[in-house]
Amino acid sequence: MTTLLGKRSLVQEAAALRAGTDDPVDAVNRSCDRIDAVDPQVRAFVPEDGRRTRLLEAARRAAADVRDPAGRPALHGVLVGIKDIVQVDGLPTRAGSALPPEVLGGPQATVVDRLCAAGALIAGKTVTAEFAVTAPGPTRNPHNPAYTPGGSSSGSAAAVAAGMVPLAIGTQTVGSMIRPAAYCGVVGFKPSYGRIPVDGVIPNAASFDTLGCYATDVAGVALAASVLVDGWRGAHPLNEAGRSARWRDPAGCGPRPVLGVPAGPYLERAGDEALRAFEEQRELLRSAGYAVHEVPVMDDFEQIVEQLRTMNRYEVARAHQDWFARFGDRYRQETTAAIREGRTIGDAAYEAARVRRNAFRARLAADRTAAGVDLWIAPSATGPAPAGLTTTGASIMCLPWSNAGLPSVSLPAGHAANGLPLGLQLIGGSGADEDLLHGAAGIEHVLNGGGGRKEGVRNEDVRNEDVCHEDARNEEVGNGDVLDGGGRNTAVPNQSARNAGGRRSAGRRPGPERAD
């Protein structure tokens with residue numbers, strides 16, 4: 001039986017395709033073979049007649065257009081999945097809904113333009129919860145098909161976890177990038193709000209909607225970010241600001257962050273298994289030499305949740321005003337409920353929520369500065385993926401960070417008792433996405449058993465110099481994880497956390513919030 005899991009290194013595949021030791025045609029056949037082998041079970045991609053024919057034509061054009069390896073762009077020939085709320089020329093947008101695709105169509109999104117300019121090939125549309133709200137799509141978790149992959153970027157996370165593509169694009173309004181990454185055991189990166197243009201993306205709630213990407217490691221999302229994110233910086237502004245003496249890793253390759261644990265009612269919303277794993281992760285990082293401080297924050301967390309929900313539902317209702325008036329009977333129950341709730345929220349309540357959100361952002365930034373914290377750390381989700389396909393899980397562990405517009409990344413961080421993945425969420429300062437991913441590379445190394453940096457580190461294949469940890473080379477990732485029957489990559493060479501009081505409040509359960 002072909003495993004549903006597959007691990008493909010974006011950095012390795014991109015480097016081989018640029019060097020000419022791999023070929024875009026072979027890359028297309030690998031991905032299409034893998035999709036044919038496992039997607040009937042995983043259902044990560046929106047079905048497309050003629051996918052292989054379309055992609056082979058594009059691959060031959062790519063190979064013919066740039067014959068000189070020196071002129072090949074960063075993602076030359078790389079296959080990418082695109083969440084089906086993002087407009088792609090030549091592919092219909094259905095947004096996981098029953099609405100006519102011609103009603104939802106529009107000009108190609110800037111994020112797709114940037115991928116194509118970097119040489120990427122669009123493997124197809126990936127499944128989304130309806131309109132990126134909460135009504136689940138048919139995608140299953142590649143770790144166990146009886147469990148949800150999360151949402152709303154379910155297909156994108158599952159496609160990377162199953163080895164169908166090495167890179168996929170998703171979106172996050174509250175928890176739609178980070179939670180699926182945790183459930184599917186991949187790396188998910190959500191940039192600072194506004195750093196990737198969202199034109200050509202069907203809105204959920206415009207004050208929060210953010211594009212992001214999935215890969216199997218931090219080096220992969222860093223490579224993608226260097227192509228996608230506005231004003232991506234290869235150098236570390238924190239070094240230039242004179243903070244390197246305090247934020248320095250053991251091997252001297254770059255800054256080492258001080259980590260903050262957001263103690264209080266927010267952290268209490270995680271489940272017991274997530275909290276136990278989080279405490280183990282904290283101790284592992286401490287033993288590797290990281291400073292980890294508990295910082296009491298968000299004592300008004302319930303009010304923060306209510307503020308975000310007010311804004312989210314108000315904006316969902318306005319985004320769907322025309323479509324819902326014409327096609328309301330085609331919307332699923334969960335989306336209909338969100339729209340109807342938003343219709344009851346008046347302009348004054350919405351504006352009051354916006355004022356509270358701005359105050360929250362300022363307060364959270366001040367708390368971080370006062371505590372001397374560089375990165376917040378927290379569980380990526382309330383626990384492992386829930387059983388069944390009727391829910392995408394709770395987004396509550398991502399909610400405050402999305403509310404503040406901060407960049408975040410989820411790293412695979414062990415497994416639950418039932419064998420499903422768990423994730424560790426890292427959150428950076430607004431606009432400091434580069435520093436977040438640099439710090440994440442070191443933490444990833446520790447979580448993968450490195451315990452500290454070793455000599456001989458290099459990262460030649462990553463054009464973004466931010467990530468220079470040894471594990472960024474991905475030498476331990478054999479593309480043979482994608483089995484022969486599903487498109488083996490033979491052409492690619494392998495060169496219970498405590499709150500401020502010390503205990504979790506009795507009787508608290510993970511919240512039901514799923515305003516994705």
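Me: What percentage of the accessible surface of the chain belongs to carbon and sulfur atoms?
Reply: The structure is a predicted model. Its chain has an accessible surface of about 17,900 Å². The share of this surface that belongs to carbon and sulfur atoms is 49%.

Me: Is arginine 8 buried or exposed?
Reply: Arginine 8 forms a salt bridge with glutamate 13, and their closest N and O atoms are 2.7 Å apart. Glutamate 13 has a relative accessible area of 2% and is buried. The relative accessibility of arginine 8 is 1%, and a residue under 20% counts as buried. Therefore arginine 8 is buried.

Me: How many residues apart in sequence are the parts that aspartate 33 and arginine 52 tie together?
Reply: Side chains of opposite charge can pair when their charged atoms come close. Aspartate 33 and arginine 52 form a salt bridge, with the closest N and O atoms 2.9 Å apart. Because aspartate 33 lies in helix H2 and arginine 52 in helix H3, the pair ties together parts whose separation in sequence is 19 residues.

Key. Residues are numbered from 1 along each chain as its sequence is written. This is a predicted model: local features need pLDDT of at least 70, side-chain atom pairs count only at pLDDT 80 or more; totals for chains, interfaces and linings use all residues. Side-chain values use heavy atoms; hydrogens and water are left out. Accessible areas come from the Shrake-Rupley method with a 1.4 Å probe; for residues, only the protein chains shown count as cover. A salt bridge is a side-chain nitrogen of Lys or Arg within 4 Å of a carboxyl oxygen of Asp or Glu. Buried means under 20% relative accessible area, exposed over 50%, partly exposed in between (1.4 Å probe, protein chains only). Helices (H or I, at least four residues) and strands (E, at least two) are DSSP runs, numbered from the N terminus.
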